[in-house]
Amino acid sequence: MTVRTGEDYLAGLRDSREVWLGAAQVDIGSHPAFFGSLQGMAGYYDWQLANSEACLVEDPESGQTMNASLIIPKTADDLRRRRLAFETFARYSKGALGRTPDYVNATLAGFVGRRDIFEHLGAQRFADNLKGFYRRVIDRDLALTHAIVHPSIDKSVGDTYGLNGRLSLRVVRRTSNSIVVRGAKVLATLGPFADELFVYPGAPQSHEIDPAYVIAFTTPLAAKGLITLCRDHYGARESGPDAPFSSWFDEQDAVMIFDDVEIPLENVFVDGDVNLYNTLMSDGWNANILQQTCARAAVKLEFLYDICVEIARVTHCEWRPDVMSLLGEIWSFGAMTRSALDAAEAHAEARGPTVMCDERPLRAVRAHMPAWMARAGDAVKMLGAHNLLATPSLAAFDHPRLGPLLHEFLPGAQGVSARDRARLFRIAWDFVGSALAERTELYERFYLGSAPRLFGIDHAIAQSEKPVASSDFGAAMPYKATA
Ligand SMILES: Cc1cc2nc3c(=O)[nH]c(=O)nc-3n(C[C@H](O)[C@H](O)[C@H](O)COP(=O)(O)OP(=O)(O)OC[C@H]3O[C@@H](n4cnc5c(N)ncnc54)[C@H](O)[C@@H]3O)c2cc1C
């Protein structure tokens, strides 16, 4: 099998995974809360088939069809081809889904392409393991999630020290053909709905760290001892068309608890080597994954702009200078994101045997993204105002008593029908105001690390590339500043 249908994907989830929702262990396939989300994810697989020209490519090794996010870019054209796929995948949910399989696929393909890092550091067998994993993902069209963050509860010490050291994932035992790991990881988006969980370096570690914490591996969700602890579910399937995003796109975050989970050695990619761990992240990961995240963000920001424009039209306020200014501001977020992608691809550069985007434009917009997403959501609320809640259920339009009254008293301005007006405001509210939307705003703030942390990293990188020195001032100024 290569590319799967939605039905294939759902069938693949029927296994012995240990998933907890609230205080109960649940079977994800039959639990009513998850029905909409699973259908939504199955829809992603059907979408890639329906949009095969953009989403699928030929696997150069087997000649079979594969998800285009698994391309190992060798040329700038490969990057452009891959972006087409990222954007097409994002359109499936208007960017609402963050952890569609193309996200982790891109990271995996990026690591596999950097075989040179493994060779350079004498870690050939781990490169082979990673390649084996990559082949499995292609051949079975797997849905991966990742959990790369230690549950650092005590912020006064490092991730693997003090209280945190007892929580963080580490090797606690070894057998002749496996490592046994114990600890927790946060926060696996798609946790219960993925086929495998990819654990890889989240942040550089110091050379003093206990090597037991320095690990990367993959594990099936059904591995014995692996507990998927779901947050409350925010899906609202019963609302159907009244909640078009919450009904299908709660991608369900989960804490992953490893209660002595055995990882066969062939699924281990880093085992105690800090250099390998750090280099994998620092040499190209950003350049690689940020193309996916910015492509999704562009689609989402453009959709938010479209919603704002349509609300202004339906309430006939698009002529007001304050509204025009707000609309232009929201438009600029999508345009800047798209420009960053264009620049990053135009200045693509060799990274080992692969070609990656120039990461600078992508890093520059990445740290602004949480604020842009929040601001665009705010704009929808400011423009929509009471209309966001004065919106009947779409089914109410078919009611013989209520329907005619709704048409009479709740029409849109400028000839927009009451039903179209209701549909717009329901989409808008579900996208920015529902329980799932609140969760998604938190996702946008943190899924790649918080903005303050990212700005700090960007500054550190900028100074490592071109430090500011006192000698840059004074004599070199193009004008005579003072006598
Ligand atoms: C909904 C959601 C889904 C997620 N999905 C995943 C996933 O699938 N896989 C995964 O691995 N991770 C995922 N994450 C990310 C992960 O769980 C963490 O949220 C992320 O790494 C940030 O860590 P933190 O939450 O401890 O916040 P912190 O990094 O501690 O940030 C909290 C606040 O502290 C301040 N701060 C912290 N550090 C600095 C600094 N260095 N400089 C300045 N200020 C600082 C900032 O004001 C920041 O807002 C997800 C997060 C969320 C919210």
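The bridge partner of A216 in β12 is V270. Strands here are DSSP runs of E of at least two residues, helices are runs of H or I of at least four, and both are numbered from the N terminus. Strand β9 (residues 215-220) and β12 are antiparallel and are joined by 3 bridges. Two strands count as paired if DSSP finds at least two bridges between them. The model is predicted: local features need pLDDT of at least 70, side-chain atom pairs count only at pLDDT 80 or more, and totals for chains, interfaces and linings use all residues. Residues are numbered from 1 along each chain as its sequence is written.

The open sheet has 4 strands in the order β5-β8-β9-β12, with mixed pairing. Its edge strands, β5 (144-146) and β12 (268-271), each pair on one side only. Neighbouring strands are turned by 20° against each other on average, direction ignored. Helix α7 (residues 124-140) packs on this sheet and touches β5, β9 and β12. The direction of α7 makes about 150° with that of β12. Axes are lines fitted to C-alpha atoms, for helices over the stretch in contact, and angles run from 0 to 180 degrees between N-to-C directions. Contact requires C-beta atoms, placed from the backbone, within 7 Å.

The chain is divided into domain 1 (6-281) and domain 2 (297-464); the bounds come from an automatic or database domain assignment. Their C-alpha centres lie 26 Å apart. The contact takes 30 residues from domain 1 and 27 residues from domain 2. On the domain 1 side, α4 (76-92) and α6 (115-120) each supply at least two residues. The largest share of that side, 8 residues, comes from α4. The domain 1 side divides into 12 nonpolar, 6 polar and 12 charged residues. Ala, Val, Leu, Ile, Met, Phe, Trp, Tyr, Cys and Pro count as nonpolar, Asp, Glu, Lys and Arg as charged, and the others, Gly among them, as polar.

The shell around the ligand draws at least three residues from each of domain 1 and domain 2. Of its 22 residues, T189, Y443, F446, S450 and P452 come nearest. β5, β7 (178-189), α16 and α17 (451-465) each supply at least two shell residues. By class, the shell has 11 nonpolar, 7 polar and 4 charged residues.

Helix α16 (residues 435-446) contains E444. E444 counts as buried because it has 21 C-beta neighbours inside 10 Å; the cut-off for buried is 20 or more. Not counting residues up to four places away in sequence, E444 touches M369, P370 and M373.

How values were computed
Contact = placed C-beta atoms within 7 Å. Buried ≥ 20, exposed ≤ 12 C-beta atoms within 10 Å, placed from the backbone. Near = placed C-beta within 6 Å.
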